[in-house]
Amino acid sequence: MKYYSLKFKRDLDGWGGKARMWKIQILEKYRHDKGLLEHEKFHVRQWYYAMFATFAIAGVLGVFVQPGWGLIALFGPFVHSRLSSNKYYRKWGEIRAYRIQLKTGNYHSPQFAVNALMTKYGLGMSEKEARKALGLS
Ligand SMILES: [Zn+2]
């Protein structure tokens, strides 16, 4: 089952790909970049996990505490983007996503992923840390 939608774009404000909820956008010039698609698909799966975990918590609270707590479920679709403002959640997600990308993308060099982790997400990672996180050293 395909769990995401995919659109190709001319411009993505400096990004090669983006995932918002189940919707992936990828720059036209990366149309055949299998690794990038797998990277963004991982973010879509993060979104689903965060949403379903929220539904599960809302269900348990709604049944065992008070029905009103079930309304927490309404926040489900937004939990992943809220969590993404947390540096550690973002760091964990991007490291996983780039590991998947490098494994599936068949690139000549992994340096773009090291550079991205160092500069693109406000993670404060050194080159050494980024290489280690990606399993390159
Ligand atoms: Zn990413």
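This is a predicted model: local features need pLDDT of at least 70, side-chain atom pairs count only at pLDDT 80 or more; totals for chains, interfaces and linings use all residues.
In what order do the three strands of the open sheet stand? The legends below begin with the whole chain and then take up that sheet.

Figure 1. Residues are numbered from 1 along each chain as its sequence is written. Read along the sequence, the pattern is β-β-β-α-α-α-α-α. Helices (H or I, at least four residues) and strands (E, at least two) are DSSP runs, numbered from the N terminus. The C-alpha atoms fill a box of roughly 55 × 35 × 25 Å along the principal axes. Of the 137 residues, 21% count as buried; that label calls for 20 or more other C-beta atoms within 10 Å of a residue's own, while exposed means 12 or fewer and partly exposed lies in between, with C-beta atoms placed from the backbone. Among contacts between residues at least 6 apart in sequence, 41% join residues at least 24 apart. A contact here is a pair of residues whose C-beta atoms, placed from the backbone, lie within 7 Å.

**Figure 2. The open sheet, with its strands in the order β1-β3-β2.** Here is the answer to the opening question: the order is β1-β3-β2, and the pairing is mixed. Two strands pair if DSSP finds at least two bridges between them. β1 (5-9) and β2 stand at the edges with a single partner strand each, so one side of each has no neighbour in the sheet. From one strand to the next, the twist averages 20°. β2 and β3 run antiparallel and are joined by four bridges. To find your way across this pair, look for K18, which stands opposite Q25 in β3. Helix α1 (residues 34-64) lies across β2 and β3, at about 20° to β2. Such angles run from 0 to 180 degrees between N-to-C directions, using axes fitted to C-alpha atoms, for helices over the stretch in contact.

Figure 3. You will find M21 in the loop between β2 (17-20) and β3 (23-27). M21 counts as partly exposed because it has 16 C-beta neighbours inside 10 Å. N106 sits in the loop between α3 and α4. With 9 C-beta neighbours inside 10 Å, N106 counts as exposed.

**Figure 4. The largest nonpolar core, built from 10 residues.** A nonpolar core is a set of buried Ala, Val, Leu, Ile, Met, Phe, Trp, Tyr and Cys residues joined through C-beta atoms within 7 Å. The members of this one are I95, A97, Y98, L102, A113, V114, L117, M125, A130 and A133. The elements giving two or more residues to this core are α3 (87-105), α4 (111-119) and α5 (127-133). α3 provides the largest share, four residues. M125 is in contact with L117, M118 and A130, leaving aside neighbours within four places in sequence. A second, separate core has nine residues, including I24, I26, L36 and W47.

**Figure 5. Helix α4, with buried and exposed faces.** A113, V114 and L117 are the buried residues to look for in α4. They cover an arc of only 100° around the axis, which puts them on the same side of α4; the arc is taken from the directions from the helix axis to the C-beta atoms. The buried residues of α4 pack against α3 and α5. On the face turned away from the buried side are the exposed residues N115 and T119.

**Figure 6. V114 in helix α4.** V114 is buried because 22 other C-beta atoms lie within 10 Å. Not counting residues up to four places away in sequence, V114 touches E127, A130, R131 and L134. V114 and K34 are 80 residues apart in sequence and 18 Å apart in space, C-alpha to C-alpha.

**Figure 7. Residues 47-65, listed by UniProt as "transmembrane region".** The listing comes from an unreviewed UniProt entry; positions are given in the numbering used here, feature names are shortened, and annotations may be inferred rather than shown by experiment. In the model, this span is 95% helix and 0% strand, and its end C-alpha atoms lie 26 Å apart.

Definitions and conventions
Two residues are in contact if their C-beta atoms, placed from the backbone, lie within 7 Å.
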